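Please look over the structure below. Some questions and answers about its fold follow.

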Amino acid sequence: MFNFELHAQDLNSDNTPADSIPTGTLLLYTGDTIAFKLIEQTERILRGLKMKGDLWSLKSYPKESVFKYSDKNIDVIYYSNRILIDNPMTKTEMEQFILGKKTAKYEYNSRSEFFKGFTFGLVLSMIDTYEFRNVNDRGFFNNSASWLTITSPMWSTVLIRINLNQLNRNRNLLEIENLEACYYQGFDQVFLWKNSRSIVGGSILGASLVVAIKILLD
């Protein structure tokens with residue numbers, strides 16, 4: 001592993017040494033991949049250059065957040081004992097787990113779940129504003145939005161549970177190869193997080209839209 005320093009003023013020179021440093025990739029435990037030029041490493045820190053806009057800027061990452069660094073010269077795995085305690089996997093298993101996270105983070109789009117949440121919040125809030133009791137004044141937006149509209153994001157967790165149950169039916173991790181199971185565990189973790197965030201966000205937007213329309217009509 002090479003070890004040298006790059007001073008901040010060197011980045012402003014016409015002949016920047018950044019060009020001579022190979023561009024590698026950091027793979028974080030979160031599944032994020034980052035283009036990175038490694039300058040030096042200490043016992044706890046990886047220090048180097050990260051692209052910010054059109055320029056390389058100095059950036060440091062704690063080793064415990066980095067699973068792997070690779071470029072054309074080196075390929076190093078940093079395996080944190082802290083991660084081992086939380087999730088006892090071998091290096092190979094952990095790599096598959098992180099690659100599953102990476103796939104879900106960069107390739108899975110939860111837009112459809114957002115629209116489900118939006119529709120759920122919208123419909124629930126519309127029902128909340130419907131006047132049932134007054135025969136002469138029945139209809140949507142004839143009643144004030146109440147607790148049902150306010151709590152629609154909470155009720156949208158029903159969709160999240162349905163989503164989780166469907167996933168559990170589709171995934172029997174005991175019946176597939178161990179490394180593939182590790183991959184799907186990582187993928188599903190990010191998959192469920194993205195879906196949950198999209199469903200709740202969509203529900204809030206749907207409920208907010210009904211409230212805004214009600215205010216305008218009043």
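Q: How many helices and strands does the protein have?
A: In this predicted model, local features need pLDDT of at least 70, side-chain atom pairs count only at pLDDT 80 or more, and totals for chains, interfaces and linings use all residues. Residues are numbered from 1 along each chain as its sequence is written, and side-chain values use heavy atoms, with hydrogens and water left out. Helices (H or I, at least four residues) and strands (E, at least two) are DSSP runs, numbered from the N terminus. Along the sequence the pattern is β-β-β-β-β-β-α-α-α-α-α-α-α, and the protein has 7 helices and 6 strands.

Q: In what order do the strands of the open sheet stand?
A: Two strands pair if DSSP finds at least two bridges between them. S1 (residues 24-28) and S5 pair in the antiparallel sense over 4 bridges, and S1 and S2 (residues 33-41) also pair in the antiparallel sense over 4 bridges. S5 and S6 (residues 75-77) pair in the antiparallel sense over 3 bridges. The open sheet has 6 strands with antiparallel pairing, in the order S4-S3-S2-S1-S5-S6.

Q: Which strands stand at the edges of this sheet?
A: An edge strand here has a single partner strand, so one side of it is left without a neighbour in the sheet. The strands at the edges are S4 (55-62) and S6.

Q: Which residue of S6 does tyrosine 69 stand opposite?
A: A hairpin of 4 residues joins S5 to S6. Within S6, the residue opposite tyrosine 69 is valine 76.

Q: How many of the residues of strand S5 are buried?
A: Buried means under 20% relative accessible area, exposed over 50%, and partly exposed in between (1.4 Å probe, protein chains only). Strand S5 (residues 66-70) is mostly covered. The number of its 5 residues that are buried is 4.

Q: How far apart are the end C-alpha atoms of helix H3?
A: The expected span of a helix is 1.5 Å times one less than its number of residues. The 18 residues of H3 (residues 111-128) should therefore span 26 Å. This agrees with the distance between its end C-alpha atoms, 26 Å.

Q: Within what arc do the buried residues of H3 fall?
A: The buried residues of H3 are Glu113, Gly117, Gly121, Leu124, Ser125 and Asp128. They line one face of the helix, because, seen down its axis, they fall within an arc (of the directions from the helix axis to the C-beta atoms) of 95 degrees.
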